[in-house]
Amino acid sequence: MANEKVKLHGFWVSPFANRVKWALKLKGIEYEYMEEDVWNKSNLLIQLNPVYKKVPVLVHNGKVILESFLILEYIDETWNQNPLLLPQDPSQRALTRFWAKFAEEKIFEAAFNALCSHGDEQKKAVQLTMEAMEKIEGELKGKQQFFGGESIGYLDIILGWISYMLPVFEEVGSVQILDPVKFPATIAWSNRFLNHPVIKDTLPPKEKMLVYFQERRHIISCANLGWIKF
Amino acid sequence: MASELLLLDFNFSPFAARVRIALEEKGLEYESREEDLDNKSPLLLEMNPVYKQVPVLIHKGKPISESSIIVQYIDEVWNHKSPLLPSDPYERAHARFWVDYIDKKIYPCGNKLWNLPKGEAQEAAKEELMESFKTLEAELGDKPYLGGNTFNFVDITLIPFYSYFHTFEKLGNLNMVKECPKLVEWGQRCMHKESVSKSVSDPIAVYEAALEIIRDLGF
């Protein structure tokens, strides 16, 4: 595949861009990485993604693919060598897509709210995150190493942020979500995921993440209190 | 083989309509079971415990939920005729992008025209709704369908909302023909397909249902 030109536009702390990095690495695909400053968007990024103006953006031989979920499916279909990220069986694929969508809508959003809110609103966000995580915990019971079986698959990649970013949210927001009593399977999965050779060296530095999300929490809190209008 | 496919259905649901259209496009026989959303059946609660919503397609006893996921499932299982998605991976990613866009924007913004009282929040939703329709109008361009020359997954995802244009116009004081003439033409073109006209809701009925919600909410 010497003529293949693969470029990934990402942002160092974006969990969405990280998903694509992992998929490319798992498949052994060489690519060029472009760091974008999402707080000062380049004209190129806006040109590549005029609808959302967001990372990640994958450019393959000049073709632009957007949205991390869709980029993963594109990678799996285009480079259909092992490891396959999605199951072959249509009903298993449907279930995988279902849980990915659920996790993004119910866990990530709620957890981010828990990061950025205070008081009762934060308590509610934590509760919603944990309720949603109970469903994922249920799905993990009786599974092998990962959601994908013996090896990392699509759902592991989508949920991967839980392993390294959720603890940061917890620390910055001063909340506990990953209760070891309630989520033993999730925590065990998380540790296996973090120790996987492909994942290990691709994580943003924790200290840098703590500073970044402290600032996000502060800015969003001020905005919610009406002190800053965006 | 009608018992092989059971659709937990709701006549008015634009999401269920997508599945009905996909099944018709593939020429599949299925049983449709109308749910009472105020009194959900034990089967629905068992087959979709996470969301407890329609549509749910039950194929040989296995449930599949979420309309976009169901349509893709139908296309993958019955892949010998009437493809609903392109075969090229890039074209597929492109189609899925627009399906996702429609899902993020149209109903979430549109339903605020009857689920919220008049005010700032509703105005903002209305603006976002029209911006989304204009984006889709630009994406459609001069193509006959959002899928290009053939009716596909993207068209299936949006067409049930064509029945809502009348409601958006009345409640939002909008003029869809003026704002999005190509989309209106597209809607009329799609309605000529039997799979669509059989499956989508009547625009007047949709409007009356919206008015009832507004009355019930006391707005």
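B:Arg189 forms a salt bridge with B:Glu185, with the closest N and O atoms 3.7 Å apart. A salt bridge here is a side-chain nitrogen of Lys or Arg within 4 Å of a carboxyl oxygen of Asp or Glu. Both residues lie in helix H10 (residues 181–191) of chain B, four residues apart, about one turn of the helix. This is a predicted model, in which local features need pLDDT of at least 70, side-chain atom pairs count only at pLDDT 80 or more, and totals for chains, interfaces and linings use all residues. Residues are numbered from 1 along each chain as its sequence is written, chains are lettered from A and ligands numbered from 1 in the order in which they are written, and side-chain values use heavy atoms, with hydrogens and water left out.

**Salt bridges within the chains**

- Over all chains, the rule counts 28 salt bridges.
- B:Arg189 is partly exposed at 28% relative accessible area, and B:Glu185 is partly exposed at 47%.
- Buried means under 20% relative accessible area, exposed means over 50%, and partly exposed is in between (1.4 Å probe, protein chains only).
- A:Lys101 forms a salt bridge with A:Glu105, the closest N and O atoms being 3.9 Å apart.
- A:Lys101 and A:Glu105 both sit in helix H4 of chain A, four residues apart, about one turn of the helix.
- An α-helix has 3.6 residues a turn, so residues three or four places apart point the same way.
- A:Lys101 is partly exposed at 26% relative accessibility, and A:Glu105 is partly exposed at 36%.
- A:Glu171 and A:Lys206 meet through their side chains in a salt bridge (3.6 Å, N to O).
- A:Glu171 lies in helix H8 (residues 166–173) of chain A and A:Lys206 in helix H11 (residues 206–224) of chain A, so this pair ties together parts that are 35 residues apart in sequence.
- A:Glu171 is partly exposed at 46% relative accessibility, as is A:Lys206 at 43%.

**Interface of chain A and chain B**

- The contact takes 24 residues from chain A and 23 residues from chain B; contact means heavy atoms within 4.5 Å.
- The two chains bury about 2200 Å² between them, 67% of it on carbon and sulfur atoms.
- Buried area is the accessible area (1.4 Å probe) that two parts lose on being put together, summed over both.
- Seven salt bridges are found across the interface.
- One of them joins B:Arg92 to A:Glu77, with the closest N and O atoms 3.0 Å apart.
- A network of salt bridges links A:Glu73, A:Glu77, A:Arg93, A:Arg97, B:Glu76, B:Arg92 and B:Arg96.
- Strand S4 (63–66), helix H3 (68–78) and helix H4 (90–116) of chain A each supply at least two residues of the side of chain A that touches chain B.
- Helices (H or I, at least four residues) and strands (E, at least two) are DSSP runs, numbered from the N terminus.
- H4(A) gives the largest share of that side, eleven residues.

**Helix H3 of chain A**

- Nine of the eleven residues of H3(A) are buried, so to speak mostly covered.
- Among the buried residues are A:Glu73 and A:Glu77.
- Their cover includes helix H1 (15–26), S3, S4, H4 and helix H6 (154–159) of chain A, together with helix H4 (89–110) of chain B.

**Strands of chain A**

- Strand S3 (residues 57–60) has both faces covered: A:Val57 and A:Val59 on one side and A:Leu58 and A:His60 on the other are all buried.
- S3(A) runs antiparallel to strand S1 (residues 6–10), joined by four bridges; two strands pair if DSSP finds at least two bridges between them.
- A:Leu8 stands opposite A:Leu58.
- S3(A) also pairs with S4(A) in the antiparallel sense, over four bridges.
- A:His60 has A:Lys63 in S4(A) as its bridge partner.
- Two residues lie between the strands of this hairpin, where A:Asn61 takes a positive phi near 50°.

- B:Ser65, in strand S4 (residues 62–65) of chain B, is buried at 9% relative accessible area.
- Beyond its neighbours within four places in sequence, B:Ser65 has contacts that include A:Phe98, B:Met47 and B:Ile70.
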